[in-house]
Amino acid sequence: SGSCCGGDASRAWMYMEGNVRAALALMRAAFRRHRLSAAGFWTWSVSVGLYQLLGLAFVWVASSRLSAGAEWLAIYVYGVFQGATGLAYAFGAWTVFFASRYVRRGELDALLLLAPDPRVSLPFADFEPVELMGAFAGYAIALIGLRAGTRLTVPNAALTLVGVASGGAATYSLFMAAATLSLYAKQSSAAISFAMDLILFGQYPMNLYPSAMRTLFTWVIPIVLIADAPARLVYAGPGLLAAVLAAAAIAFAGANVLFKQALGRFIRHW
């Protein structure tokens, strides 16, 4: 019995070690694939900076609908949104790739070659390291928002990191759910595009929307988890922190379970 348990533990360890090696190798390949020249890096940096500034300007104008003195919250929510989605895009672009290529073109053989566990390998096969810069820029914008609201403290900066991470998990879960639909029906691969459009509603404070939309984005399709709820951690009690972390964890775990089941079904029917 002891040798049996020891053998199972050894096989599990080797399996996990193989997953980690595969993920690291794919990540190294992704960094080599996205290596930029000095001119390319600065061109890309300027374009990303302009995109962030234009988005920030739009948010500033839109925040005029908020009560006086609440502009900092609009900036802060926008920063958390950019940080969360940048994080999700860096590790979540694989779902877009999976839905638009592997499923639509029937190239499941490419998936099966990603040994030993596709759910571990896929996020790194199409890992986008340049998207991490968007996540860093979003965090910097969030800190600017805190400074504008005279709330920039070390605890709030740490809470912002927690908010970006939980928002990233929520965004990633939405992508995974959309990819799951494409596994059940090839025609629904457009769900990825729908998900990408849907999350854009999360870049503004929820009180900017009419009450019907606030209800929809809170209780039906919880877009509020991407940035609005995580952003409100800076002045809410610890109860909201626990609720945000729990909701993000449940969304991530639930989407992963559904994706795993759909992937198994797709492989059996392929």
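Mentor: Happy to! One term before we start: helices here are DSSP runs of at least four residues, numbered from the N terminus. With that numbering, I226 sits in the loop between α9 and α10. Keep in mind as well that this is a predicted model.

Trainee: Okay, noted. How many helices and strands does the protein chain have?

Mentor: The protein chain has eleven helices and zero strands. Reading from the N terminus, the elements run α-α-α-α-α-α-α-α-α-α-α.

Trainee: Back to I226, then. Is I226 buried or exposed?

Mentor: I226 is buried, with a relative accessible area of 3%. The cut-off for buried is under 20%.

Trainee: And which residues is I226 in contact with, leaving aside its neighbours within four places in sequence?

Mentor: Leaving those aside, I226 is in contact with V80, F81, A84, T85, G167, A170, T171 and I199. Another distance you could check on screen is from I226 to L200: their C-alpha atoms are separated by 9.8 Å, and the two residues are 26 apart along the chain.

Trainee: V80 is on that contact list. What does V80 touch?

Mentor: Not counting residues up to four places away in sequence, V80 touches G138, A142, T160, G163, V164, I226, A227, P230 and A231. V80 also matters for the next topic, the largest nonpolar core: of its 46 residues, Y76, V80 and L183 touch the most other members.

Trainee: Which helices supply that core with at least two residues each?

Mentor: Those are α3 (71-103), α6 (131-148), α7 (154-184), α8 (191-198), α10 (228-231) and α11 (238-269). The helix that gives the most is α3, with eleven residues.

Trainee: What about the chain as a whole? What share of it counts as buried?

Mentor: Of the 270 residues of the protein chain, 42% count as buried. The accessible surface comes to about 13,900 Å², and 70% of that belongs to carbon and sulfur atoms.

Trainee: Changing topic: how many aromatic pairs does the structure hold?

Mentor: It holds eight aromatic pairs. One of them is Y172 with F252: the ring centres are 5.6 Å apart and the planes are at 35°, so the pair is tilted. Y172 lies in helix α7 and F252 in helix α11, so this pair ties together parts that are 80 residues apart in sequence.

Trainee: Are those two rings buried or exposed?

Mentor: Y172 is buried at 10% relative accessible area, whereas F252 counts as partly exposed at 36%. Another tilted pair is F201 with Y209, with ring centres 6.3 Å apart and planes at 55°. There, F201 is partly exposed, with a relative accessible area of 33%, and Y209 is buried, with 11%.

Trainee: Which residues do ring pairs link into a cluster with F201?

Mentor: F201, Y204, Y209 and F217 are linked into a cluster by ring pairs.

Trainee: How about charges? How many salt bridges does a search of the whole structure find?

Mentor: The search finds one salt bridge. In general, side chains of opposite charge can pair when their charged atoms come close. Here the side chains of D228 and R232 meet, at 2.9 Å from N to O.

Trainee: Great, thanks for the tour!

Key:
Residues are numbered from 1 along each chain as its sequence is written. Side-chain values use heavy atoms; hydrogens and water are left out. A nonpolar core is a set of buried Ala, Val, Leu, Ile, Met, Phe, Trp, Tyr and Cys residues joined through side-chain atoms within 4.5 Å. Buried means under 20% relative accessible area, exposed over 50%, partly exposed in between (1.4 Å probe, protein chains only). Contact means heavy atoms within 4.5 Å. Rings of Phe, Tyr and Trp (its six-membered ring) pair if their centres lie within 6.5 Å; planes under 30 degrees apart count as stacked, over 60 as edge-to-face and the rest as tilted. A salt bridge is a side-chain nitrogen of Lys or Arg within 4 Å of a carboxyl oxygen of Asp or Glu. Accessible areas come from the Shrake-Rupley method with a 1.4 Å probe; for residues, only the protein chains shown count as cover.
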